[in-house]
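Here's a quick tour for anyone opening this one for the first time. Have the picture in view as you read, and take the topics in any order you like.

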Amino acid sequence: MVLLSLILTGNCSPLAAQKTSAEGERVSKLGPELVSLHKEYASFLAEREGGTFRSADPLVLVIDDCVAIDAVAAGKVNVLKKDLESLGMQQAVAYGRIVSGQLPISAIPAIAALPSLNFAKAALALPQSLPAPFAFGWPMALVLLPFLVV
């Protein structure tokens, strides 16, 4: 138990492994790119020198202070879609258990608290000029990469 606690938390106390915070549980619903995007956006607003916000991550699609996301429903997808639209999501589309759309960056912390949300991540923007195997996604491309090198 102590070894597991040390590995998971970096703390030798057995109680440290048993503690969970509501904040940690909520943040675990968000992809790391959304968490860092919100921090970056909050910093931009605090310094507000004018201009348009641009993310340092070129793969995160930001349009007019909104981020394109894919959110997985914990239950009924229509409940999640309505919850996200109430937080300002635009162009919301549901397919299966996933809701995609443009969410205001300022609403990122609020979606983490939604009971209808299982997980959310930024919809990543990939250049259309990638070689064909990369169209399958990075895991498949990495598998095929040795066969593509001549």
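Let's start at one polar spot: the backbone oxygen of Leu117 lies 3.1 Å from a polar atom of the side chain of Lys29. Keep in mind that this is a predicted model.

**Around Lys29**

- Lys29 sits in the loop between α3 (22-27) and α4.
- Is Lys29 buried or exposed? With 18% relative accessibility, Lys29 counts as buried, because the cut-off for that is under 20%.
- The Lys29 side chain also gets to the backbone oxygen of Leu114, at 2.6 Å.
- Setting aside neighbours within four places in sequence, Lys29 is in contact with Ala112, Leu114, Pro115, Leu117, Asn118, Phe119 and Ala120.

**The chain as a whole**

- The chain holds 7 helices and 5 strands.
- Reading from the N terminus, the order is α-α-α-α-β-β-α-β-β-α-β-α.
- Of the 150 residues in the chain, 29% are buried.
- Take the contacts with a separation of 6 or more: 58% of them are between residues 24 or more positions apart.

**The nonpolar core**

- The largest nonpolar core is made of 27 residues. Those with the most contacts inside it are Leu34, Val67, Ile69, Leu80, Leu84, Ile108 and Ile111.
- Which elements each supply at least two residues of this core? They are α4 (32-47), β2 (66-73), α5 (77-86), β4 (98-104), α6 (108-112) and β5 (117-122).
- Apart from neighbours within four places in sequence, Ile69 is in contact with Leu34, Met89, Val99, Ser100, Gly101, Leu103, Ile111, Lys121, Ala122 and Ala123.

- Val77, Leu80 and Leu84 are the buried residues of α5. Looking down the axis of α5, these buried residues fall within an arc of 60 degrees, so they line one face of the helix.
- There's a simple bit of geometry in the background: an α-helix has 3.6 residues a turn, so residues three or four places apart point the same way.
- What covers the buried residues of α5? The cover includes β2, β3 (90-95), β4, α6 and β5.
- On the other side of α5, you'll find Asn78, Lys82 and Ser86 exposed.
- Just after α5 comes Gly88, with a positive phi of about 105 degrees.

**Strand β4 and its partners**

- β4 has 5 of its 7 residues buried, so this strand is largely enclosed by the rest of the structure.
- On one pairing, β2 and β4 run antiparallel and are joined by 7 bridges. Here Cys66 stands opposite Pro104 in β4.
- β3 also pairs with β4 in the antiparallel sense, over 4 bridges. Val93 has Ser100 in β4 as a bridge partner, and Tyr95 has Ile98 in β4.
- The hairpin of β3 and β4 has 2 residues between the strands, and in this hairpin Gly96 takes a positive phi near 65 degrees.

**A salt bridge**

- How many salt bridges does the count come to? The count is 1.
- The pair is Asp70 with Lys121, whose closest N and O atoms are 3.6 Å apart.
- Asp70 is in strand β2 and Lys121 in strand β5, so the pair ties together parts that are 51 residues apart in sequence.
- Asp70 counts as partly exposed, at 21% relative accessibility. Lys121 counts as partly exposed too, at 34% relative accessibility.

- Thr52 lies in the loop between α4 and β1 (62-63).
- At 60% relative accessibility, Thr52 counts as exposed.
- Thr52 and Asp65 are 13 residues apart in sequence, and their C-alpha atoms are 8.2 Å apart in space.

Definitions and conventions. Residues numbered from 1 in each chain as written. Predicted model: local features only at pLDDT ≥ 70, side-chain atom pairs only at ≥ 80, totals over all residues. Heavy atoms only, no water. Core = buried A, V, L, I, M, F, W, Y, C linked by side-chain atoms within 4.5 Å. Buried < 20%, exposed > 50% of the residue type's maximum accessible area, 1.4 Å probe, protein only. Contact = heavy atoms within 4.5 Å. Arc of directions from axis to C-beta. Pairing = 2+ DSSP bridges. Salt bridge = Lys/Arg side-chain N within 4 Å of Asp/Glu carboxyl O. Polar contact = N/O pair within 3.5 Å; in protein donor to acceptor, adjacent residues only side chain to side chain.
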